[in-house]
Amino acid sequence: MTPPSAPDDLDFIQPWFLGPAAENDQLLESLVVEFLRDYAYWRRNFHPEDGFRISADARHRPDFLGVQARTRAELHRLSARLKRAVPVYHPRYVGHMTGDLLLPGLVAKLVTTLYNPNNVSEEAAPVTLEMELEVGEQLARMFGFSTEEPASPGAPSGAPVVAWGHLTSGGTVANYEALWNFRSLKFHPLALRAGCDAIDFETGPVGPRDRPLGEYDTWELLNLSIDDTVALRRAVGAAARERLGTRFHEFASAVEAERIETLGTAGFFLKHRIEPPRVLVSSAAHYSWSKGMKVLGLGTGQLEMVAIDDHMRLDIEDLRRRLDRCRDERIPVLGVVGMLGTTEFGTVDPIHEIVAERERRRAEGLDFGIHVDGAWGGYLASVFRTPEGGWREQSEMKVGYTYFPGDVVYGAFTAVPHVDSVTVDPHKLGYVPYPAGAFIARNRDVVDFIVQDAAYVFDVETDEPPSTGEKLHNLGQYILEGSKPGASAAAVWVTHNVLPLDRDGLGRILRLTIRACETFWDSVKEHAKEWEGRVRIRTPFEPDSNLICIALNPEGNTSVAEMNRFTRAVFRRMRVDPDKPVQVMEFIGSYTSMSRRNLPGDPGDRILADLGLDPRTFVQVPEDPATEADHLYILRHTLMNPWQLGGPDGVSYIERYWAYLGEVIEEELAARDR
Ligand SMILES: *Cc1c(COP(=O)(O)O)cnc(C)c1O
């Protein structure tokens, strides 16, 4: 039996959450009341000489009392219905990627909602917009990006790259934004060349090869790095400003007319006779990537699903083969996406190998952006960070864990500073209320390609472009969304300030979730022994973070379809049923499936062998779809609740889970025999 984590960790988390039984309700109440009063005084102090518009008498009028009564009645109805909500805050909830809320962020959200700031621009929300940009910097630093301002604003190329980030409604929109940014940069050099051609402007030597723009071929211009693209745009702009003088605006509008944003994807690709660009993601990627390809008009046919290995991680060999093909057939690669915690399996792609692969490809003239989808696992970077802002040594980190962090996981997280952008969801492992996702870019000058107007602002009187930091205060110009909640920014800001993004802050809470997962993993092995001869219980792949999957197969069964039927019956007992009160449920879980399409050949066969299944019963396209023989149906448990390692009477929730699962398995085995 693995001993529970040191008690000091379980003590540490006590003040941070409302608690599974709302133990800290007094604390929450006093904070809300304190800041509600504070807010009322703030209102009263705006032109107090105006007096009151709602009189004390009014509150006794029948119509007033009537409204009050109706409101109260409706709120009671709401409150009654909400009792059927899912108890995601509880350690008995081991389902989807949601959990209890950190009190500081919750209170910040409730309080700031009273002020109702709109983070679309500084004018609408001077306070919370500043917080949002600060939150972006905090996240950027957690990933190892630089946020140091350069000595002089708008310094020319060669100046250090500065990161930026902002909040979104969630990981989905942050992923769209990554695609949008990549698309805008990828095709800008061609627009520059076409714009210059249109007005017969010779740039002189520019760009990484130090030649006139007209002498770069199309493939070269499609394979510049993001930093080189930023520098090229500056250099061409500067040359035009210097040599065209008052005709600069002709250059600016000629380039504008040639951009993909103006011509549209179809128009642009036709004009330049280029293959539509590919985006490469692992086949375990979140479905927002398919949606994003549709939204941007790139088409899901251009989304290449890279194979996964038997750890459910992107298979680097398959990535190489696909990149070879793109290089040989001159198909532009818009980006490669690595997952830092897949949604279904919690597994981590080898980001370091993707980064190394790009280095090699650059030498071959093939370049692309790298985006990390860390919507789920991005915040785990905090576990790897020292309070001083460095990366912890792997050997030092291993103390206190049984398996974590393995070489791939350590390599992946510490390689993030080399990628171009990252998605991370504060409303997942940041434990703040919805909606709060974030998009972080390593080089904030990418916003010059995105901005809605004044694309070349530095043509006006001052010689210097305004610093990017200043411009960003017009946030709505640079992001996908428009009006958005300043209250979310306040929630994340307060959370990060009380729980810094390092091993001693948020990392200390997340550590417990990883420890819970390791303890759970060990317990699978123990219980597998107990059930030997009756049911095979397995983790089909090792957990990389704090999410674990379990496969169950009754002994003697060799058919995938039959295993799926059995597991489905077991899962039915852990599934939220809208017609059943949640109060009667023992544990709430979730399920996922591993499809044969994603696990052809060896990796899939190894998993089947471990479960005693016949590979011939696992097919890509079943003759009868109802047999479900094309996937393995497995239990999936997200262990983000930090209380898993404790429990009443000294029995952890993990052990309680096994006691419950054991009962359910017994009953389902009995039902099978009948
Ligand atoms: C959750 C998730 C998303 C989508 O994020 P939302 O906040 O639900 O929009 C994207 N990618 C991954 C890996 C996720 O886990």
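Student: How far is the polar side-chain atom of H427 from an oxygen atom of the ligand, and how do I read that?

Tutor: Look for pairs of N or O atoms: within 3.5 Å, such a pair counts as a polar contact. In this predicted model, a polar side-chain atom of H427 sits 2.7 Å from a ligand oxygen.

Student: How much of the ligand does the protein bury?

Tutor: Start with the ligand on its own, which exposes 380 Å². The protein buries 87% of that.

Student: And what makes up the shell around the ligand, by class?

Tutor: You'll find nine polar, four nonpolar and three charged residues there. Of these 16 residues, the ones that come nearest are T172, D373, D425, H427 and K428. Helix 6, spanning residues 171–186, gives the most to the shell, with three residues.

Student: Let's zoom out. Which domains is the protein chain divided into?

Tutor: Domain 1 covers 126–146 + 163–498, while domain 2 covers 507–673. Their C-alpha centres are 36 Å apart. Where they touch, domain 1 brings 28 residues to the contact and domain 2 brings 31.

Student: How much area is buried between domain 1 and domain 2?

Tutor: About 2600 Å², with carbon and sulfur atoms giving 58% of it. On the domain 1 side, D310, F345 and Y403 lose the most area to domain 2, together making up 23% of what that side buries.

How values were computed. Residues numbered from 1 in each chain as written. Predicted model: local features only at pLDDT ≥ 70, side-chain atom pairs only at ≥ 80, totals over all residues. Heavy atoms only, no water. Near = heavy atom within 4 Å. Polar contact = N/O pair within 3.5 Å; in protein donor to acceptor, adjacent residues only side chain to side chain. Areas by Shrake-Rupley, 256 points an atom, 1.4 Å probe, with all protein chains shown as cover. Helix = DSSP H or I, 4+ residues; strand = E, 2+ residues; numbered from the N terminus. Nonpolar A, V, L, I, M, F, W, Y, C, P; charged D, E, K, R; others polar. Domains from an automatic or database assignment. Contact = heavy atoms within 4.5 Å. Buried area = accessible area lost by both parts, 1.4 Å probe.
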